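Please keep the sequence and the 3D view at hand while reading.

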Amino acid sequence: MKKAYSLFLKDFHSEMRTRYAVNALAMFIIVTISIIMFSVGQEKISESLAGGLYWVVIFFSAMSGLSRAFVSEEERGTSLTLQLIASPDTVFSGKFLFNIFLTFLMNTVITILYATVFDAFVIKNFALFLLTFILGNLGLAVSATIIAAIISKAGAKGTLYPVLSFPILLPLILTGVQLTVFSIDGTKIDEALVELGILLSYDVIMLAASYMLFDFIWKD
Amino acid sequence: MTNYSVSAENIRKNFGRRLIFNGINFNYSNPGVYGIAGSNGSGKSTLVKIISGINAPTAGKIIHTYNEKKLTFEHLHNHIGLVSPYLVLYDEFTAYENLNYFAKIRNVPFDKEKIDDLLNRFLLLKRKDDFVKGYSSGMKQRLKFIFALQHSPNLLILDEPVSNLDNEGKDTVYKIIENESKNTIVMVASNEENDLSLCSEIIYLENYKTTK
């Protein structure tokens, strides 16, 4: 874990210097929220639509920046250096930690901006929203990391990332939308246990599958 | 004798239908300099990557042992030092930052005295706090040697070790090879006669181009 944390620190320091992912994420968050804001205009949107659009912003913003963890290494040719200094487990854990950081940062900004812009996005059950936020972010981070590792070896990285991510993230997004709507309309946690269970299972399955598969993906 | 050994058993590599080499066998357990020679495109770098565990062979296997225990490829990274033209260090960091992160990620101590000595030998001590993106190709090549040596590897693999280096840099590299080969297995992949003259055994890849 210490090695993975060092790799995370390396990526964090590198990100602070290059702004590879943060700039892309910031631009996409602003652009997608602005487009939704202009499309909606003066219309009053329903709670379920507010929850759905919230996840649209999250999905497209994630697609713009979260692939950077591996793509930047591949594009700069430093993947080989990483292979020489760390085991595949360390590499995956380090990149996963970095994507957790980016995902939480991105979604915190999205939530604040979204709540400021859209009146319909008022959270009535904050505890449920917090659980959804944490489990959703973890699922998004682990899926984004393993998909980034797969597409970093491919040619058309930019196109492939959202195309490959969509079916893998679909269960997470659908459950996330449902739980966000529950949080907005004030549904109690007891009544949302099935959805929370699905989200937790998704995270565990993706994490286990990613650790098992990463060795094969990472090595040519 | 060293407590490290590397051996190859019937290594074959194909890229699609194209055979790169076949039937490579060796067993190096004594400190010394061992060469890999061949013309451009003969597969020197491919063999280097296979020995380093970066690429897998199409057939056969590479066995690394340390203290008579077989090492899995997941645990090779602290035993191997590699210098090669396709190795890229982080441009956005200084030389010192690069080496510090490599030590931390490898979970080995950052031996400041040793690093400063290596930086001094490769004439980079005064530039240690400069960003690598400002380095010339020769300086980057020197930094790769420090990267390969900082964790005192048991197996040092040098692919085209003197490329981009001036005469002073080449002399330093030859001294390093001579010094390291007293206790370490050093493998050199090159076409340069000067490099190959240091080797006690040489694998000529042109001799491994048949399927028989």
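## A strand covered on both faces

Strand E8 of chain B has buried residues on both faces: B:Ile185, B:Met187 and B:Ala189 on one side, B:Val186 and B:Val188 on the other. Buried means under 20% relative accessible area, with exposed over 50% and partly exposed in between, using a 1.4 Å probe and protein chains only. Since 5 of the 5 residues of E8(B), residues 185-189, are buried, the strand is largely enclosed by the rest of the structure. Strands (E, at least two residues) and helices (H or I, at least four) are DSSP runs, numbered from the N terminus.

The model is predicted: local features need pLDDT of at least 70, side-chain atom pairs count only at pLDDT 80 or more, and totals for chains, interfaces and linings use all residues. Residues are numbered from 1 along each chain as its sequence is written, chains are lettered from A and ligands numbered from 1 in the order in which they are written, and side-chain values use heavy atoms, leaving out hydrogens and water.

## Neighbours of the strand

Strand E3 of chain B (residues 32-37) runs parallel to E8(B) and is joined to it by 5 bridges; two strands pair if DSSP finds at least two bridges between them. Here B:Gly32 has B:Ile185 as its bridge partner.

Strand E7 of chain B (residues 155-159) is also parallel to E8(B), with 5 bridges, and B:Leu155 has B:Ile185 as its bridge partner.

## The interface with chain A

Contact, meaning heavy atoms within 4.5 Å, links 25 residues of chain B with 26 residues of chain A. B:Ile54, B:Tyr90 and B:Ile105 supply 29% of the area that chain B buries against chain A, more than any other three residues. Buried area is the accessible area (1.4 Å probe) that two parts lose on being put together, summed over both.

The rule finds 2 salt bridges across this interface, a salt bridge being a side-chain nitrogen of Lys or Arg within 4 Å of a carboxyl oxygen of Asp or Glu. A:Arg17 forms a salt bridge with B:Glu97, with the closest N and O atoms 2.9 Å apart. Helix H2 of chain B (residues 95-106) gives 6 residues, the largest share of the side of chain B that touches chain A.

## A buried aspartate

B:Asp116 lies in helix H3 of chain B, residues 112-121. The residue is buried, with a relative accessible area of 18%. Leaving aside neighbours within four places in sequence, B:Asp116 is in contact with B:Tyr96, B:Leu125 and B:Lys128.
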